[in-house]
Amino acid sequence: MLLQIAVYVICLQIHIRSKGKMKEWYKKRQKDHFYREAKKNNLISRAYYKIKEINEKHKLIKNNQIILDIGCSPGGWLQYISQKYTNSKLIGIDILDLKIPKSKNIDFLKIDLNNFNEISKYFKEKKLIFDNIISDIAPNTSGIQLVDQANSFQLCEACTLFIDKFLKQKGNFLIKNFQGEDTNILFENIKKKFEKVIYIKPKASEKTSKEIYILAFFKK
Ligand SMILES: C[S@@+](CC[C@H](N)C(=O)[O-])C[C@H]1O[C@@H](n2cnc3c(N)ncnc32)[C@H](O)[C@@H]1O
């Protein structure tokens, strides 16, 4: 009985603390500049500003390109690219639904990225080879940093599988990773395949967040 009460009290404390954290997160979000801008401009997510900033600085995307966005939902990146580059063709992949209106230049595959063979079959059937592969993919977070970083690394590794067969020569690759011990390994692996690779942290990426982007130019 005593043990049951102790477990109940601990669970209650965790619940109250996580509720407090949720409140804190919500308050912070309301103050966040990019969140407010996204709301004001009727954008689906503040992530829109990350790709906008990266693209404006590094001139990643051009019109008439075919672009693969892995982990694309709710659709902020697709929204930015499809509106700015109306002649681009975009393929988005995610396990969750898109939340942006249908657009003639966006095809969406609701599938787990780890189904490499199935996705490859689709790309081959449609004869798709990409000018850019971009990914803002993120695992469901547990709050345990080591676990979240390991899951992020696994997702990034799975994304890199698409480089060899489906990215054009001289094509670019952009990926988000939760920074940890494995980030350098990922960076070095990507570096082998490209002429130039850099780390970037856009302003729209929260300073306290562990996320970092790896941007690779010109596939060898
Ligand atoms: C930060 S969100 C991407 C936001 C997006 N760039 C935007 O602008 O709206 C990360 C996405 O990765 C997706 N994701 C996580 N694991 C995945 C997997 N195994 N396969 C496909 N998508 C995955 C999540 O469902 C989530 O929608």
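Tutor: In helix α3, Tyr48, Ile51 and Lys52 meet Gly76, Trp77, Gln79 and Tyr80 of α4, where contact requires C-beta atoms, placed from the backbone, within 7 Å of each other. This is a predicted model, in which local features need pLDDT of at least 70 and side-chain atom pairs count only at pLDDT 80 or more, while totals for chains, interfaces and linings use all residues. Residues are numbered from 1 along each chain as its sequence is written.

Student: How do the residues of this contact of α3 with α4 divide by class?

Tutor: Four are nonpolar, two are polar and one is charged; Asp, Glu, Lys and Arg count as charged, Ala, Val, Leu, Ile, Met, Phe, Trp, Tyr, Cys and Pro as nonpolar, and the others, Gly among them, as polar.

Student: What makes α3 oblique to α4?

Tutor: Helix α3, residues 48-58, packs against α4 at an angle of about 50 degrees, with the axes 7 Å apart. Angles under 35 degrees count as roughly parallel, over 145 as roughly antiparallel and 65 to 115 as roughly perpendicular, with the rest oblique, and that angle therefore makes α3 oblique to α4.

Student: Why is Lys104 called exposed rather than buried?

Tutor: Lys104, which is found in the loop between β2 and β3 (106-110), has 8 C-beta neighbours inside 10 Å and therefore counts as exposed; the limit for exposed is 12 or fewer other C-beta atoms within 10 Å, whereas buried needs 20 or more and partly exposed lies in between. The C-alpha atoms of Lys104 and Ser82 are separated by 9.1 Å, although these residues are 22 residues apart along the chain.

Conventions
Axes are lines fitted to C-alpha atoms, for helices over the stretch in contact, and angles run from 0 to 180 degrees between N-to-C directions. Helices (H or I, at least four residues) and strands (E, at least two) are DSSP runs, numbered from the N terminus. Two residues are in contact if their C-beta atoms, placed from the backbone, lie within 7 Å.
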